[in-house]
Amino acid sequence: MSEAQAEQGASTLNVSRTGAKSQRYRDVLIALIAFTVLASLPMLTSSKFLLDFVIRCSAYGLFATSLNLLVGYTGLTSFGHGMFFGLGAYGYGLVMQKTGVSIPVAFVATLLITLVVATVIGAICVRLKEIYFAFVTLAFQMLIHSTILSWVSLTGGDQGLRGGIPRPAFLGIDLSNHLHLYIFSCALLVIGLLLMRQIAQSPFGYTLRMIRDNAARASFVGIDVYRAKLTIFVLAALFASVGGMIMALFVSGAYPEFAYWTISGEGIFINMLGGVTTFLGPMVGTVLLLILNDTVTRFTEYHGIVLGIVILFFAIGLRKGLMDFAYEWYAQRRDRERG
Amino acid sequence: MDLDALTGCLASSACLVTQTTSGLIIGMLLFLVAVGLTLIFGVLKVVNFSHGAFYMFGAYFAMTAYQLTGSFALAMFCGAAGTAVIGLIFERVFMSRVYGADVLMQLLVCYAFVLIFDDVVRMIWGPEFKSMGMPAAFQVMPLFIAGGVVPPYYLLLIGVALAAALILGLGLARTRIGKVIRAAAHNPGMVSALGINTGLIYGGVFALGGMLAGLAGALAAPVRSLTPGMGFSVLIESFIVTVIGGMGSILGALIGALLIGLIRSFGSLGFPLFTEGLMYLFMVIVLVSRPSGLFGKEVA
């Protein structure tokens with residue numbers, strides 16, 4: 001279900017630009033509060049499990065939210081978005097292992113690699129529509145996965161990138177310290193989400209919604225649909241790549257599973273679980289899926305059945321994500337109060 | 001990369017025959033799965049991501065039937081008929097609820113069932129690798145064609161798949177039911193207005209697609225090992241086949257399956273680690289040059 005369908009019957013889209021500046025201040029404020037809360041979490045609890053959970057949420061959350069920029073905002077159903085998650089993890093790990101540069105340099109280098117790869121792949125993919133776009137992205141994902149498996153001398157093949165990724169200290173930040181790693185991941189998550197929010201609320205973001213709802217009309221009013229789609233494809237890839245880098249930092253390695261299609265499948269599932277109508281839906285979905293995975297695997301070996309039934313509940317029962325559901329419920333109540 | 005092995009094989013007739021037959025049986029099994037997929041997409045406009053599970057069920061049903069009765073023919077029948085029933089129930093109870101919904105919804109329902117079906121198989125038959133074993137009737141001397149070894153069972157497999165292709169093609173083109181199915185694919189509203197039960201047709205087509213995948217699984221059971229999740233790689237490959245051949249085209253599925261089968265069998269000689277990569281590369285090339293596939297009608 002796209003955002004458009006969920007919004008049918010809802011109030012008209014508020015696109016006035018006068019409130020844009022105050023909205024931006026509000027977003028920055030929320031981001032600061034969120035970061036403060038996350039950063040003070042280690043003071044309240046010493047549970048390594050909980051902190052690890054937040055780090056994993058950062059990695060998957062950035063990935064899932066960036067996928068929502070494509071699926072929810074632009075209507076590009078990518079089945080291969082996970083390739084950039086894997087690319088980020090492998091790119092970062094390889095740059096660190098092979099060159100020994102400092103972590104920020106490796107980050108920028110990995111982003112540049114992702115930029116180039118995503119531009120090439122995107123230029124081919126966004127020409128196609130709907131199911132064909134989905135298939136060709138899936139094919140590229142599997143192509144990258146096969147390349148990782150077969151290029152053993154560089155990537156370690158099916159064993160993954162082992163031997164640990166060095167974490168030299170920079171600017172007083174020592175990422176081999178668990179607490180530093182935690183704060184660093186939270187910062188990346190909050191900054192990433194804030195940037196994506198700015199993209200989504202910018203005029204460009206509304207252009208994307210227009211392309212999703214009616215590409216032909218967008219084209220008639222003079223929008224270069226191809227270029228807009230390619231731009232968001234590359235931008236989303238960059239954020240997914242950051243997610244992959246957090247993951248590589250966290251596990252101190254990179255594994256072929258990071259580039260396997262199941263990562264893309266999980267990303268789509270997260271989006272459905274949380275809902276694509278709201279910006280934070282995918283983030284809620286990430287937390288839900290990770291909790292679900294952790295608890296279900298602890299209680300039963302048949303976690304496929306449990307997960308499957310949960311998916312069925314959302315797909316056939318609710319027919320929308322959790323945040324979509326909450327948002328509609330809230331909107332209905334508000335309308336009723338207004339009479 | 002091992003190009004010497006590839007050129008060496010192409011130069012010897014024995015190797016050529018062996019590799020071609022192995023490519024053909026991969027292709028024929030893929031065709032049976034892919035043609036069901038393409039049929040379901042053509043008529044129901046649904047991409048059945050759980051199609052691999054039907055292949056898996058077919059294989060497990062055939063194995064159990066063979067172990068119980070010892071009859072190979074009965075094993076084939078159980079594999080095909082059992083999956084047809086599952087397909088019918090699956091379509092009527094679950095898939096029919098998400099027609100017209102977003103592709104993502106359909107995908108999720110199928111994804112849920114991939115997870116559920118895999119676990120069901122794990123519960124019933126256990127997680128370990130199983131093997132059905134070659135039926136006694138086919139434990140005979142292999143044939144030698146131009147120096148290459150061809151097990152007789154391979155010939156049966158290719159024959160059955162070709163027969164299925166022929167029956168399906170002719171059935172759709174020439175019979176009344178085929179005509180109704182094609183009409184339902186074209187304009188279900190009109191077909192329904194003419195007093196034909198489209199729900200029945202949808203269920204039937206889904207059952208037919210499931211049956212073909214089940215037949216493929218049953219045919220593959222003697223030559224492949226059985227494991228929960230075995231349907232997945234077949235599913236991905238048959239997707240590649242349908243995309244290359246063109247969604248909804250039976251001829252396309254046949255040609256696509258044979259191409260992928262040959263790429264796999266010869267690719268494994270020249271590029272042992274990159275065989276899968278070759279398939280995806282081929283898919284990318286086809287999609288970019290002809291988005292609707294080699295035999296697809298609509299241009300995306």
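**Note on a predicted two-chain model**

1. Of the 339 residues in chain A, 53% count as buried (under 20% relative accessible area, with exposed meaning over 50% and partly exposed in between; 1.4 Å probe, protein chains only). For chain B the share is 55% of 300 residues.

2. This is a predicted model, in which local features need pLDDT of at least 70, side-chain atom pairs count only at pLDDT 80 or more, and totals for chains, interfaces and linings use all residues. Residues are numbered from 1 along each chain as its sequence is written, chains are lettered from A and ligands numbered from 1 in the order in which they are written, and side-chain values use heavy atoms, with hydrogens and water left out.

3. Chain A has 15 helices and zero strands (helices are DSSP runs of H or I with at least four residues, strands runs of E with at least two, numbered from the N terminus). Its radius of gyration is 20 Å, close to the 20 Å of the globule rule for 339 residues, so chain A is as compact as a globular protein of that length (taken over C-alpha atoms; the rule is 2.2 Å times the number of residues to the power 0.38).

4. Chain B contains twelve helices and two strands, and along the sequence the order is α-α-α-α-α-β-β-α-α-α-α-α-α-α. The radius of gyration of chain B is 19 Å, close to the 19 Å that the globule rule gives for 300 residues, so chain B too is as compact as a globular protein of that length.

5. In chain A, 76% of the contacts between residues at least 6 apart in sequence join residues at least 24 apart (contact means heavy atoms within 4.5 Å). The figure for chain B, counted between residues at least 6 apart, is 76% joining residues at least 24 apart.

6. Where do the two chains meet? At the interface, 40 residues of chain B are in contact with 39 residues of chain A. Together the chains bury about 3,700 Å², with 84% of it on carbon and sulfur atoms (buried area is the accessible area, 1.4 Å probe, that two parts lose on being put together, summed over both). L104(B), M105(B) and L108(B) supply 16% of the area that chain B buries against chain A, more than any other three residues.

7. S66(A) lies in helix α3, residues 48-74, and is buried, with a relative accessible area of 0%. Beyond its neighbours within four places in sequence, S66(A) is in contact with H81(A), M196(A), A236(A), F239(A) and A240(A).
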